Structure formats: C-alpha cells, structure tokens
Amino acid sequence: MAGQLEKDSTLQLYSDKILSFENPPKATVAMKKLLLFLIGISFLFSLGLAQQNRPNIVWIVVEDMSPEHLEVYGGTGGKTPHLNALAKESVQYMNAFSTAGVCAPSRAALITGAYQTAIGGHHMRTLAASAAASDDYPPGFKGYSVVLPEGMKPYPLILREAGYYTSNNSKEDYQFRSPVTMWDESSPRAHYRNRIDKSQPFFSIFNFTTTHESQVWAREKEPLKVDPAKVKIPPYYPDDSISRYVMARFITNVMTMDDQVGEVIRQLKEDGLYDNTIIFFYSDHGDGLPYVKRELYDRGLRVPLLIKAPFLQAGTRNEELVSFVDFAPTLLSLSGIPIPGTMQGRAFLGPQKSVPRKYIYAARDRMDSEYDRVRAVFDGRFKYIRNYMPEKPNYQNIRFRLQNPLMPHLLKLHQEGKLNENQARWFASSKPSEELYDTQSDPDEFKNLASDPAFAEKLAELRKAHEQWIADYGDLGAVNEMEMVRTWWKGKDTPPVTPAAQLKFENGKVHLTCSNPSASIGYRFSEKEGWKVYTAPFEAKIGETIYVNSHRIGYEPTEISLLIQ
C-alpha cells in the first residue's frame, strides 16, 4: 500500500495473500468470506484480544466540506493548524469518496457498509418531508424508516455486541430510526468520558455541523476570518463580490471547525488516550455550496480522510480508492471483529484488509421534493455518469438551498445571460444520457467525452462496470419510492410492528428471544438506566421487573415490561 506501513505485518501479509484476486468466481467468494471469518477469529485468539485490549476508535466527522479547504489538501485561503498537525501524524487519503453528494444517503452507506441503492436508503431524505418544500412532494408521499435487509446490522450495534462502549455526538440521519440498542448514548452530551468502566474499549463519533450548507447563512453575522479578496474562487462560479463573500464565509466556518477538532484532540491527550487511539477525520460529502452539494462530480463526492493509528506510518499519503461503504468493514477489521457478509464494502486496513478497489460508485436520487436518478462510476481518473432521466435538468429547485445568497445570485445571472458556458451548463434544460470526464485534464468535469471516439473503449469499460454493479447489488432507484415502501410494509399504509420479545427465566437467568430473527433486543431494569444489548442469558431475581425493547430496523419497535416470577 503506497505511503502506508502496518507494523503488525505477518497477519497482514497472510490476509493479503488470501485476498490477492480482484474478480473471483462465486465459489471463491464464498471461500473468501469463510477464510476472512476464520482470520478474524484466529486473530482474536492468537493475540489474546480480550475486551479491554481492543483499540479505542474516534471518528471526527464534519459536514459538507471538500478536501481542498484544508491546507494539507492545498488550501483555499484559510488556516487549519489543528488538522495540519493531525495530518503529520496520520495517513492522508487522497481518493476517498462518499456514495452520494448529500448526507443522509451517504450516512446510510456508512452505518451499514452497504450501498444505499441496495438497501432503499437512496432518497434524500426518508423519515419526513423537507419542511422547506413539504407542499412540493408528490401526492401520497409519506415518511418512512428504511427496512434493512434480513440479518443486516449497523456497525455500532455490532461493536456493542462485542463489548464496545459506543457514543455519538450527535447527528444520525441514517434514513431509519435507530434501535435503542445501537448506541450507549447518542446526544449532544455523548462522550467516551461518560462510560462507567474506564477500561471498556470505546468507539466515539464527534460530528460538527459548523461547515454545513446552512451555516453559510446561519453564521452570516459572525466576523469573517479571511479576506474575501484573497480566497480561491472555483471556475464554476463567477468571480464577483457575492461569490467571494460566500466562499470567505464558508472558509471561515472551516477555520472554526478546525478549532473544534483541536478540542477533541486536546481532550484525548488530556486523558492520556491520544497516542494509542485510532482516529478517523472525514467529511460526510463534498462542499455544501451550489453546483457541488447533491451532484456526482468529484467536488460533490471527494472527501478528506486522515487516519491516525499507532501502526500506520505518520505523515504519508495514500492514493488508493476508498468508498464510504468501506468504512464499516474497515472499522470491524481494526477492532478484531469478523466482517459480516451483509457488508458490501472492503476493509482497507487491519487483518481483514481486502485488495484495493478498482472503482468507486455513487448515486443521486430524490433530493427533498425533486426526483432524479443518476449513477456514477470512477476509476481514479475517468468518471462515467449515467442519467436515467435525461429530460430533467441537472439543476433542481431545492428551496432549502435558496437561502444561500449565492444561489439566487447564480439564478439571476443565468437569466441575464451573464454566466459563461461552463457555469451555465448546470441550468441546461436537459442532460445527455451518458457523460464521461477525464478528471486529470478536466478536474471540474466540464468537457463530456462520451461521444469522442478516442475514449470509446473507456466509455464501454465504465458503462459495463456500472451495469455489473447493479447486477451485483441491485438498484432500488429503479422502483417507485412509495411502491418500495408498500412492499416493505406488506401492502399496508403503516410499517409492521416488531413482535414482542419472549422471556424465559431458568436457573436464575433470563433468556430473551424474538420471533423476528432480524430484531435486536434491548433490556434494562429501570427506566432511568441506559439500554443494554441482549447477547446472552443474564442473571436476575424473582420479583424484579425487566423492560424489554425489540426492534427490527424499519418496523415499529415493541417495548414491554415483564415481571420475573
């Protein structure tokens, strides 16, 4: 792996030899999964990884920010000293990508390790209509929680079952209502410091909204930290005072976020945990600015990714392609937990590390009230885009986005014919069914090469890769949204209800079961306690009351109280 060394190389090399094929036949895939499982189990036992010896892991997540605003990725005018320092102690990934140009679908892929298009989490967003455009949704639309496929578990639940303390501070937005078993705590106050047993390994997310799209206007009264005259303006915007103000406002927010990241790092150092904690820093997709967010161009998908770990070579760069679907399996690999077969991504670190991927895949579907269906494949240089609704323009009337002063400004300039060709192409009344871009010579993806005979072979290759991706994983974007939901709900207008858990008290221990095998079961002895994850029979006494919650994700949960007798 370029620019990256793992100290514990023996098991890594063993894993690499097993996984040294790119497109194995189905029988080999089954053997690969079995071998991966055995590797994970043998790794746990051979290294004696008791619960307290598993690594602590922190994810620092920011929103709506492309890499270039950080000085280590080039910079656009702002100063980011805390992330500069983190980068010096990390591997800096140069080709990390979200699976959508917007948060909720990408977060669905992050939390499950599966493509949002494969599990029904592809629309933005599912739990409720956007308050800014609720009257624009088609008749019959109703909010829903994605029903995950049978047996699929979000990675925090898997971590909790393995003994981790999991905390999320605090955004979720996974396209489904989280079961009570998923996090030890998920709130603005959630923190690894809150765990009672300080020897318990933890996984903690700190999510900062400071760079979110909305903060361009929400923070407009705060003083700027950069001179608008000195910021970099991308070529898809006119170089004028409004573009410069909005970019300066955005970069100022990035600088504020850098200070927040510095506070998390300060706390880890104060607690004596920094040196041995695995830290991921990344953004949930590209910039929250017009003609960037919600799009499948590199600027909407490419994210910064810094990973610091004791076994990684600090201050190096890695050029491998990394997708959001790879984060969950990589997390489990680093934690010494076998990767379940429901995960579609590839571990890029740890004992279950897979071969580097050849392609990145991304999708765009409904955005708030506006429908479209676009798919993309990227090989590290060439980007292929398939427009399934070419009669629609790229630009969508997203009411929420109109609050950004740059958006009405661009619309006005377009109406007046004052945008250049590349800036105006976003507003074209239709789009080609296929697009192909050479991001090396054309990083802003302005020149469509799909009709150029010189690139016919590359077009055919990426078109085939796209079609194979759909064949391998499916694409629920081809299905009417409400028909998909009715199928999940078994033809009814409301979601199914998870069956109540059954309790058996035997030899002083409580045994809990649920007739739905995909349901997780949580329990507690008091409403003041946090929910525990049921993984095995536990001790209790006659006369005690136990509160039990059973929940298959996408169904309604069922909570009951049971008296032990």
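In what order do the four strands of the open sheet run, and is their pairing parallel or antiparallel? The structure is a predicted model, and in it the four strands follow the order β10-β11-β12-β13 with antiparallel pairing. The edge positions are taken by β10 (360–364) and β13 (434–438); each has a single partner strand, so one side of each lacks a neighbour in the sheet. On average, neighbouring strands of this sheet are turned by 15 degrees against each other, direction ignored.

Between β10 and β11 (residues 374–378) the antiparallel pairing extends over five bridges. Within this pairing, Ala362 stands opposite Ala376 in β11. Helix α13 (residues 456–473) packs on the sheet and touches β10, β11, β12 (382–387) and β13. The direction of α13 makes about 60 degrees with that of β12.

The buried residues include Cys103, Arg107, Leu110 and Thr112.

| Element packed against α4 | Residues |
|---|---|
| β1 | 57–62 |
| α5 | 116–119 |
| α6 | 155–161 |
| β5 | 202–208 |
| β6 | 278–283 |
| α10 | 327–335 |

After α4 comes Gly113, which has a positive phi, near 75 degrees.

Cys103 of α4 has 1% relative accessibility and counts as buried, because the cut-off is under 20%. By the cut-off of under 20%, Cys514 is also buried, at 17% relative accessibility. How many disulfides does a search of the whole structure find? The search finds zero.

Another helix contact involves α3 (residues 81–88) and α8 (residues 241–270). Their axes come within 7 Å and cross at roughly 50 degrees, which makes α3 oblique to α8. On the α3 side, Pro81, His82, Leu83 and Leu86 make the contact. On the α8 side, the contact is made by Met257, Asp258, Asp259, Val261, Gly262 and Ile265. How do the residues of the contact of α3 with α8 divide into nonpolar, polar and charged? Six are nonpolar, two are polar and two are charged.

How values were computed. Residues numbered from 1 in each chain as written. Predicted model: local features only at pLDDT ≥ 70, side-chain atom pairs only at ≥ 80, totals over all residues. Heavy atoms only, no water. Pairing = 2+ DSSP bridges. Helix = DSSP H or I, 4+ residues; strand = E, 2+ residues; numbered from the N terminus. Axes fitted to C-alpha atoms, helices over the stretch in contact; angles between N-to-C directions. Contact = heavy atoms within 4.5 Å. Disulfide = S-S within 2.5 Å. Buried < 20%, exposed > 50% of the residue type's maximum accessible area, 1.4 Å probe, protein only. Parallel < 35°, antiparallel > 145°, perpendicular 65-115°, else oblique. Nonpolar A, V, L, I, M, F, W, Y, C, P; charged D, E, K, R; others polar.
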